[in-house]
Amino acid sequence: MAVVLLFVAVGTSNAQDDKRLEKPDIEVEVGGLACPFCAYGIEKRFRKIEGAESVTVLLEEGLVQVKMKKGTRVTEARLRKAVKEAGFETRGLRFLNEDVKADDASS
Amino acid sequence: MRRPDLTVVIVLAILIGVFPFRVAAQITTQTALPVSTGQGILRIQLKSPGASGSNGREVNNLVVPMVLIYGLNHRLAAFGVVPVVSRNFDMNTPAGKIERDLSGLADTRLWLRYTIYQHNGKGMLTRLAPLAGVELPTGSTTGSDHMGRLPRLLQLGSGGWDPFVGFVFTHQRFAWQVDISAVYQANSEYKSFQFGDISRLDIASKIRLLPRTLGSGLPRFLYANLETNLIDLARNRTGNQTDADSGGFIWFVAPGLQLVSRRVVFETALQIPLVTDMNGTALEPDTAFILSTRVNF
């Protein structure tokens with residue numbers, strides 16, 4: 001009974017592991033994200049992208065937000081590769097800051 | 001050390017019947033959820049499966065399976081389960097109550113799971129993945145206690161290399177999830193003894209209790225789980241002789257709770273034998289308590 005109460009207490013604490021980024025550079029729509037534990041895998045792949053400063057997963061929206069370090073760029077192909085390596089699917093991709101976008105040909 | 005009464009040992013070996021199933025350190029059910037390339041998951045469980053029968057026979061186990069999962073690529077994941085077991089056995093005999101006990105490493109399971117079908121949508125996924133592996137004879141077959149060597153059926157290991165195959169299907173949405181897995185294990189003979197083959201069908205379902213609405217960010221989920229395990233155990237064999245007092249059919253149900261965050265899962269369940277149809281005097285399984293945690297790394 002104590003174990004059940006502990007679970008409920010922690011579950012109702014309304015804690016969240018990630019907050020929306022204020023000014024993300026990139027947003028990737030990811031198909032297949034349906035639970036918090038799975039989000040870690042995609043976050044880990046995105047953190048391996050060279051130049052990635054912050055990565056946030058917004059579960060209900062199915063979005064991964066990325067903030068790049070100043071002066072760094074990333075290709076669309078690299079972002080799609082990260083989603084695939086995580087075991088999911090890219091449904092959409094938006095560069096909100098064109099300065100971070102690198103051409104695929106230059107990668 | 002005083003030599004145990006040989007008569008008692010023989011009576012014990014006969015009256016044990018058979019431990020209804022080896023304590024394979026299996027997770028209640030499999031899941032086909034993706035494991036990212038280079039991602040690892042460590043799972044540690046605490047389980048208390050036991051069994052009882054006539055003549056006051058009772059086996060109690062404390063099992064700690066340590067599970068390591070690693071994503072080799074986005075479709076292929078490797079699994080390993082290393083169980084540590086503490087077992088004790090009691091029974092009444094004409095010479096009085098007998099108590100036997102044994103602790104140590106049991107047989108290790110290794111397998112690969114490969115996703116052959118996937119469908120991804122917003123807030124939902126479907127996966128189908130076959131799996132294949134082997135149970136390795138890392139557990140002892142010659143363990144002993146204060147009364148000397150334990151009977152074969154109480155040993156922690158099978159002695160043989162036992163292959164298994166199966167598949168797992170998962171459909172997950174924000175509000176609920178279903179996992180269905182079927183596994184067949186062919187147990188091999190070792191020193192003229194062979195445990196019966198195992199066939200099992202596991203169905204797990206869960207619904208999200210909290211949060212009621214998701215909102216932004218990455219909230220923790222609290223799930224209510226209900227799992228069911230259908231297990232068929234073939235009879236054991238010694239040489240050409242089939243043990244009539246071994247094997248049978250078990251239907252477990254396991255209600256539980258699961259708290260899921262980005263890095264950690266905590267879960268607890270009671271595995272309750274709803275239907276048992278054991279052969280002859282084979283021991284009947286008791287309710288088991290399960291406590292488990294998983295960590296992403």
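Is Asn236(B) buried or exposed? Asn236(B) is buried, at a relative accessible area of 5%, where buried means under 20%, exposed over 50% and partly exposed in between (1.4 Å probe, protein chains only).

The legends below describe a predicted model, in which local features need pLDDT of at least 70, side-chain atom pairs count only at pLDDT 80 or more, and totals for chains, interfaces and linings use all residues. Residues are numbered from 1 along each chain as its sequence is written, chains are lettered from A and ligands numbered from 1 in the order in which they are written, and side-chain values use heavy atoms, with hydrogens and water left out.

**View 1. Asn236(B) and the backbone of Gly196(B).** Asn236(B) sits in the loop between β16 and β17 (237-238) of chain B; helices (H or I, at least four residues) and strands (E, at least two) are DSSP runs, numbered from the N terminus. A polar atom of the Asn236(B) side chain lies 2.9 Å from the backbone nitrogen of Gly196(B).

**View 2. The interface between chain B and chain A.** Contact (heavy atoms within 4.5 Å) involves 48 residues of chain B and 40 residues of chain A. About 3,800 Å² is buried between the two chains, with 61% of this area given by carbon and sulfur atoms. Buried area is the accessible area (1.4 Å probe) that two parts lose on being put together, summed over both. Leu218(B), Arg220(B) and Arg262(B) supply 19% of the area that chain B buries against chain A, more than any other three residues.

**View 3. Polar contacts and the chain B side of the interface.** Between chain B and chain A, 14 residue pairs are in polar contact, both residues being at pLDDT 80 or more. A polar contact is a pair of N or O atoms within 3.5 Å; within protein, one must be able to donate a hydrogen and the other to accept it, and residues adjacent in sequence count only if both atoms are side-chain atoms. Elements of chain B that each supply at least two residues of the side touching chain A include β1 (40-47), β8 (124-136), β16 (221-233) and β20 (264-278). β20(B) gives the most to this side, with five residues. The residues of the side of chain B that touches chain A comprise 22 nonpolar, 18 polar and eight charged. Here Ala, Val, Leu, Ile, Met, Phe, Trp, Tyr, Cys and Pro count as nonpolar, Asp, Glu, Lys and Arg as charged, and the others, Gly among them, as polar.

**View 4. The salt bridge between Glu43(A) and Arg262(B).** Side chains of opposite charge can pair when their charged atoms come close. A salt bridge is a side-chain nitrogen of Lys or Arg within 4 Å of a carboxyl oxygen of Asp or Glu. The count is 14 salt bridges over all chains. Glu43(A) lies in helix α2 (residues 36-47) of chain A and Arg262(B) in the loop between β19 and β20 of chain B, so this pair joins two chains. One salt bridge is counted between chain B and chain A, and the closest N and O atoms of Glu43(A) and Arg262(B) are 3.2 Å apart. Glu43(A) counts as buried at 4% relative accessibility, as does Arg262(B) at 17%.

**View 5. Salt bridges within chain B.** Asp145(B) and Arg100(B) form a salt bridge with an N to O distance of 2.8 Å. Asp145(B) lies in strand β9 (residues 144-145) and Arg100(B) in strand β5 (residues 96-105) of chain B, so the pair ties together parts that are 45 residues apart in sequence. Both Asp145(B) and Arg100(B) are buried. In a further salt bridge, Arg109(B) meets Glu135(B) at 2.9 Å, N to O. Arg109(B) belongs to strand β6 (residues 108-114) and Glu135(B) to strand β8 of chain B, so this pair ties together parts that are 26 residues apart in sequence. Arg109(B) and Glu135(B) are both buried.

**View 6. Helix α3 (residues 76-85) of chain A.** Chain A has three helices and six strands, in the order α-β-α-β-β-β-α-β-β from the N terminus. Of its 107 residues, 51% are buried. In α3(A), the buried residues include Leu79(A), Ala82(A), Val83(A) and Glu85(A). Cover for the buried residues of α3(A) includes β1 (26-31), α2, β4 (74-75) and β5 (89-95) of chain A. Just after α3(A), Gly87(A) takes a positive phi of about 95°.
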